[in-house]
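Below is a short briefing for a reader new to this structure. Please look over the sequence and the model before reading on.

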Amino acid sequence: MTLAEQTYCLTSRFPKDEVYGMTSQIRRSAVSIAANIAEGHGRENSGSFIQFLRIAQGSVKELETHLLLSERVGLAKSDDVAPLRQRCDELGRMMRSLIRSIQRRQANDKS
């Protein structure tokens, strides 16, 4: 949720003619991360949760790509994008760890 909030702050400074372009893409991918984690958790099924965590990981990569592009085309400054990219990296690592933890638990439950 914090990452989504931060992306909204960043994109609020984008030109208004980008509202249906990069602004929309960045916001949708950021919101998708939190939404997929929540939906997967709400399924109360480990397999579904892992599936939605993987979808959220894809959204993290999508967001990273949009952030890099926004920097490259001059919509955002590197100093503004860097903390968001770092947050994406941290979130990606946390999700990978969570997936591995759930998979280990599933394997132990089957034993």
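**Helix packing in a predicted model**

Gln57 is found in helix α3; helices here are DSSP runs (H or I, at least four residues), numbered from the N terminus. This is a predicted model, in which local features need pLDDT of at least 70 and side-chain atom pairs count only at pLDDT 80 or more, while totals for chains, interfaces and linings use all residues. Residues are numbered from 1 along each chain as its sequence is written, and side-chain values use heavy atoms, with hydrogens and water left out.

**Gln57**
- Apart from neighbours within four places in sequence, Gln57 is in contact (heavy atoms within 4.5 Å) with Gly92, Met95, Arg96 and Ile99.

**Helix α4**
- Helix α4 covers residues 78-110, and its 33 residues at 1.5 Å a residue should span 48 Å, taking 1.5 Å times one less than the number of residues.
- The end C-alpha atoms of α4 are 48 Å apart, which agrees.
- Buried residues of α4 include Val81, Leu84, Cys88, Leu91, Gly92, Met95, Ile99 and Ile102.
- The buried residues of α4 pack against α1, α2 and α3 (46-72).

**Helices α1 and α2**
- The axes (lines fitted to C-alpha atoms, for helices over the stretch in contact) of α1 (residues 2-11) and α2 (residues 22-42) come within 8 Å and cross at roughly 170 degrees.
- Angles run from 0 to 180 degrees between N-to-C directions, and α1 and α2 are therefore roughly antiparallel to each other (over 145 degrees).
- Leu3, Ala4, Thr7, Tyr8 and Thr11 in α1 meet Thr23, Ile26, Arg27, Ala30, Val31 and Ile33 in α2.

Note on methods: Helices (H or I, at least four residues) and strands (E, at least two) are DSSP runs, numbered from the N terminus. Angles under 35 degrees count as roughly parallel, over 145 as roughly antiparallel, 65 to 115 as roughly perpendicular and the rest as oblique. Buried means under 20% relative accessible area, exposed over 50%, partly exposed in between (1.4 Å probe, protein chains only).
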